Structure formats: C-alpha cells, structure tokens
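Subject: Structure for your review

Dear colleague,

Please find the structure below, together with its sequence.

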Amino acid sequence: MLKTLRILHLAVIEDLAVEFGPGLNTLTGETGAGKSILVDALSLAAGGRGDAGLVRSGAERALVEAVFALPAGSPARGVLDARGIPVEDSGLIVRREVAAGGGRAFVNDSPCTLGSLRDLADALVDLLGQHEHRGLLSRSRHQELLDEFGGHGP
C-alpha cells in the first residue's frame, strides 16, 4: 500500500508530500491542478521513463520518493529477496532521481536498475490511464483479481 509520495522539483512542483490512507484514495481537481504530475511522479517511482525535461526550471534535479507498507504476504517481498535488497519492517522506500546527466534509482537506499524497479513496481502498484480500466474487462485478468482479493496469491 502506498503511504506517502514526496516530490521535489518535478515540473511545476517545488516540494510536495501527499499522505495516502488505507483503502481507496482518489485525486480530484480542476484542469491544471497537478493531478497528472502526481501520476507522473508515481510512474517515475515505478520505473517509468524520465528525462531532464521533467526537472523544475532552475533546479538541478527532480526527486520522487514513494513509501510503501509491505504486508507479510506481499509479492514485493519475494522480488526484493530475489535481488538481495533488504526488507525493512517499517516498509519500503523507493527513490528516483532525474537530472540532466541521467538519473538514479534506489530501493531502501540500495541502488537498483530500472528493470528491477519495474519488476518491483509490478508487485506494488497498478497505474491506469484514462482508458486502461478496460483491463478489468479482460477474462484473463478475472482469475488473478479474484485470487488476489480472496488472499490466495498466485
């Protein structure tokens, strides 16, 4: 579960921390309020493509930090174990930096590749765009969703 999303110098955001509660969280607001920037920030934390154009004007780098709670049976724990990344009881901290000269990614302060970050993110978040809700209608996804909801795992 995503607990906190912290954003520094990304697009028009100078410094922002958003706390999320248990269950469903929604983002609403007028056009131009910054909802898409929050989704872009979470996408960066999930290993999405980043470039220097995302860095706020006048800043050297942008930083996104996502803090996740990891329940005991979370599939993310297996991904972390397989890559030798330490798992903290307090949760999981994913940090992504983007700068003109490139970027870096960290999981619990251990450097990691974007591929590893994407694998981990697959076990942590589902990012859906405007029309991606159609995936819920896919028969191949139904069994997976039901098993996950029932706590039965793969």
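Helices (H or I, at least four residues) and strands (E, at least two) are DSSP runs, numbered from the N terminus. Please note that this is a predicted model, in which local features need pLDDT of at least 70 and side-chain atom pairs count only at pLDDT 80 or more, while totals for chains, interfaces and linings use all residues. Residues are numbered from 1 along each chain as its sequence is written, and side-chain values use heavy atoms, with hydrogens and water left out.

The chain as a whole

The chain contains 4 helices and 6 strands, and their order along the sequence is β-β-α-β-α-β-β-β-α-α. Its C-alpha trace spans about 50 × 40 × 25 Å along the principal axes. For 154 residues, a compact globule would have a radius of gyration near 15 Å, and the 16 Å of the chain agrees with this. That radius is taken over C-alpha atoms, and the globule rule is 2.2 Å times the number of residues to the power 0.38.

Of the 154 residues, 32% count as buried. Buried means under 20% relative accessible area, exposed over 50%, and partly exposed in between (1.4 Å probe, protein chains only). Among contacts (heavy atoms within 4.5 Å) between residues at least 6 apart in sequence, 59% join residues at least 24 apart.

Which residues of helix α1 are buried? In α1, residues 35–45, they are Ile-37, Leu-38, Ala-41, Leu-42, Leu-44 and Ala-45. These residues lie on the same side of α1 because they cover an arc of only 155° around the axis. The arc is that of the directions from the helix axis to the C-beta atoms. An α-helix has 3.6 residues a turn, so residues three or four places apart point the same way. The packing partners of the buried residues of α1 are β1 (2–10), β2 (13–19), β3 (61–68), β4 (92–99) and α3 (114–122).

Helix α3 has Ser-116, Leu-117, Leu-120 and Ala-121 as buried residues. Seen down the axis of α3, they fall within an arc of 135°, so they line one face of the helix. They pack against α1, α2 (75–82), β4 and β5.

Before and after α1

Gly-34 is in the loop between β2 and α1, and at 19% relative accessibility Gly-34 counts as buried. Gly-34 and Ile-13 are 21 residues apart in sequence, and their C-alpha atoms are 8.3 Å apart in space. After α1 comes Gly-47, with a positive phi near 95°.

Most residues other than glycine have a negative phi. Where does His-9 lie? His-9 is in strand β1, and its phi is positive, near 55°. His-9 is partly exposed, with a relative accessible area of 28%. Asp-109, which is not a glycine either, has a positive phi of about 65°. Asp-109 sits in the loop between β5 (102–107) and β6 (110–111) and is exposed, with a relative accessible area of 60%.

The surface

The accessible surface of the chain is about 9800 Å², and 52% of this belongs to carbon and sulfur atoms. Accessible areas come from the Shrake-Rupley method with a 1.4 Å probe; for residues, only the protein chains shown count as cover.

Yours sincerely
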